[in-house]
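Subject: Handing over a structure, with notes

Dear colleague,

I am passing this structure on to you, and my notes follow below it. Please look it over before you read them.

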Amino acid sequence: MTGQYDAVLIGAGHNNLATALHLSARGWRVGVFEQAPEAGGAIRTGEYTLPGFRHDWAAMNLSLFAGSAFHATHGAELRRHGCAFVPVARPFASSFPDGSWAGVSTDLAETLATIRALSPEDAQAWEGLVKGFAVRAPQIFGLLGARMKIHALAYFMIKTLWKSGIAGTLDLARFLLSTPRAWLEETFRDPRMHALLGAWGMHLDFAPDVAGGAMFPYLEGMAGQAFGLMIGKGGADTVIRALVASIRARGGTVETGAPVVRILHDGRRAQGIELADGRRIGAARAVIAGVAPSALLRLTGGTEPGFDARMQAFRHAPGTMMIHLAMAGLPPWRAGKALQEHAYVHLAPDLDQMARTYRQAVAGLLPDAPVLVVGQPSVFDPDRAPAGKHVLWVQVRMAPGTIRGDAAGTIAARDWPGAAEPFAERALDILESHAPGTRALILGRRIVTPAELEAANPNLVGGDQVCGSHHLSQHFLFRPAPGHADGSTPIAGLHLSGAAVWPGGGTGAGPGFLLARRLAGK
Ligand SMILES: Cc1cc2nc3c(=O)[nH]c(=O)nc-3n(C[C@H](O)[C@H](O)[C@H](O)COP(=O)(O)OP(=O)(O)OC[C@H]3O[C@@H](n4cnc5c(N)ncnc54)[C@H](O)[C@@H]3O)c2cc1C
């Protein structure tokens with residue numbers, strides 16, 4: 001062995017960095033080894049189009065990180081190392097094909113005015129939801145932050161029963177199992193309200209008719225109303241730079257350009273890792289693999305047949321394509337200038353279109369009308385672009401990892417190098433139809449296909465941005481496999497971590513912090 005640590009971590013995604021910092025703070029010697037030239041995984045920022053235009057490669061919305069238990073514990077240290085956020089008071093809006101729009105602002109009166117323009121009854125329904133959020137939020141956030149063990153879940157159920165009674169508990173359970181469509185249609189009347197919130201399900205793989213998906217439109221809507229949204233100052237990588245600096249300041253190692261090719265073990269206990277350059281690094285207490293389940297299997301060479309079969313069968317969600325645009329100005333939204341003041345503008349006209357898009361992507365087809373999430377971060381953080389100019393972060397949902405055909409029948413290519421340009425043009429046509437004149441403002445662009453997302457970060461299998469479907473059969477106690485939702489594996493001292501493990505994808509550092517506290521005992 002050429003090096004010896006208490007814990008060796010594979011991959012420098014924010015989850016592993018969070019684990020490494022927490023363990024360092026508890027006196028562990030940690031070494032993090034990352035295959036890419038830079039740390040951060042799905043949280044990276046760079047000049048991907050033109051000099052002076054800083055784009056978030058993948059994650060842009062850091063609300064989950066800023067509101068996380070990890071940040072509550074280590075935020076002061078991160079701030080000392082330069083971590084800074086920009087709060088956004090108008091988190092999201094939707095532009096509709098008929099020229100109307102609706103949006104959410106932390107100013108309730110403002111939100112209600114936009115909803116009232118669609119439907120007075122829906123404005124009332126929104127007000128009711130906002131009032132109820134104070135009761136429901138601690139229940140849901142309590143569940144999402146809990147260790148996912150049977151006894152922890154039983155304790156959660158008993159607490160909910162005690163506080164909310166049988167009717168309240170059943171109501172919560174029914175809500176947690178609902179599809180986005182079922183909840184949206186019983187809550188709001190106007191189809192545009194269904195679309196405004198339903199689009200949030202598409203950030204994961206909760207198309208409108210997938211059970212268990214209602215929670216996400218609800219939480220994003222209510223959290224957006226209550227807290228707005230957080231982006232990183234200067235770029236999302238502010239959190240990564242601060243995490244790496246904090247770990248190094250505590251004596252830990254973060255090495256980039258260091259692919260891990262093997263996990264060393266004797267079938268019973270993990271001993272360390274082997275790097276592509278042949279170095280073997282020892283781990284006295286833990287090897288933590290922040291990788292996709294199928295990669296864990298490759299790195300170990302197999303552990304125990306039942307567990308290995310689950311890792312092999314782990315399902316990924318459809319992919320994402322990103323389009324980064326350097327802009328001479330903001331999109332001239334047809335629905336009005338107000339849309340330029342929201343962090344995200346969703347172009348997702350109705351639930352049926354979202355359902356169709358999802359079905360097409362799952363079937364390997366390039367969707368005929370994909371959902372677009374248009375991020376406008378430089379409105380709130382002007383330093384990301386030269387004076388008066390802007391960056392746009394355009395997420396195209398969904399896109400197949402492997403292309404079997406084109407739902408519109410006009411793109412002949414069956415691989416991403418050939419399909420990238422015409423599919424991006426399809427997406428830009430949609431943007432142009434909502435904001436005529438946008439194309440003329442584009443100064444530079446960089447398309448990132450699902451295949452490129454995976455090439456840069458092997459955890460994003462097929463461009464799956466959340467490292468694994470969050471459908472009910474693979475969530476809660478079942479993420480990534482029954483009995484292993486805490487990241488434990490059949491090999492002592494070897495832990496799986498990152499977005500594939502409960503509580504899953506996003507920038508909330510949940511899997512990493514739950515594991516760190518379990519290992520450190522606090
Ligand atoms: C396009 C896109 C947009 C997103 N937008 C948002 C958003 O706005 N808000 C939000 O909350 N979430 C968003 N997400 C999801 C979120 O970013 C991820 O779920 C989260 O960052 C995953 O973090 P992680 O620590 O689990 O791993 P990752 O960030 O995936 O990092 C894993 C790291 O491990 C490394 N690695 C893998 N194998 C090896 C190996 N063998 N050796 C060494 N290193 C290895 C990889 O190179 C990578 O750096 C987005 C994701 C994508 C892709």
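Helices (H or I, at least four residues) and strands (E, at least two) are DSSP runs, and they are numbered from the N terminus. Residues are numbered from 1 along each chain as its sequence is written. Please bear in mind that this is a predicted model, in which local features need pLDDT of at least 70 and side-chain atom pairs count only at pLDDT 80 or more, while totals for chains, interfaces and linings use all residues.

Confidence and overall form

The predictor's confidence in each residue is given as pLDDT, from 0 to 100. The chain has a mean pLDDT of 97, and 100% of its residues reach 70 or more. Among the elements of the chain, strand 13 has the highest mean value, 99, whereas helix 6 (residues 150–177) has the lowest, 87.

The chain holds 16 helices and 20 strands. Its radius of gyration (taken over C-alpha atoms) is 22 Å, close to the 24 Å that the globule rule (2.2 Å times the number of residues to the power 0.38) gives for 522 residues, so the chain is as compact as a globular protein of that length. The C-alpha trace spans about 65 × 60 × 45 Å along its principal axes.

For burial, C-beta atoms are placed from the backbone, and a residue is buried if 20 or more other C-beta atoms lie within 10 Å of its own, exposed if 12 or fewer, and partly exposed in between. By that count, buried residues make up 53% of the 522 residues in the chain. Two residues are in contact if their C-beta atoms, again placed from the backbone, lie within 7 Å. Of the contacts in the chain with a separation of 6 or more, 73% are between residues 24 or more positions apart.

The domain bounds come from an automatic or database domain assignment. They divide the chain into domain 1 (3–49 + 58–86 + 235–314 + 466–520), domain 2 (122–226) and domain 3 (318–456). The C-alpha centres of domain 2 and domain 3 are 28 Å apart, and 11 residues of domain 2 are in contact with 11 residues of domain 3. On the domain 2 side of this meeting, helix 8 (residues 191–198) gives the most, with 4 residues. That side has 6 nonpolar, 2 polar and 3 charged residues, where Ala, Val, Leu, Ile, Met, Phe, Trp, Tyr, Cys and Pro count as nonpolar, Asp, Glu, Lys and Arg as charged, and the others, Gly among them, as polar.

Individual residues

Most residues other than glycine have a negative phi, and most peptide bonds are trans. Against that background, the peptide bond from Trp 502 to Pro 503 is cis, with omega near 0°, and the bond from Arg 479 to Pro 480 is cis, with omega near 5°. Pro 480 is in the loop between helix 15 (450–456) and strand 20 (494–496), and Phe 476, in the loop between helix 15 and strand 20, has a positive phi of about 50° although it is not a glycine. Phe 476 counts as partly exposed because it has 19 C-beta neighbours inside 10 Å. Ala 509, in the loop between strand 20 and helix 16, has a positive phi near 55°, and this residue is buried, with 28 other C-beta atoms within 10 Å.

Pro 180 lies in helix 7 (residues 180–187) and counts as buried, with 30 C-beta neighbours inside 10 Å. Ile 140, in helix 5 (residues 120–144), is partly exposed, with 17 other C-beta atoms within 10 Å. Leaving aside residues up to four places away in sequence, Ile 140 touches Met 215 and Leu 219.

With best wishes
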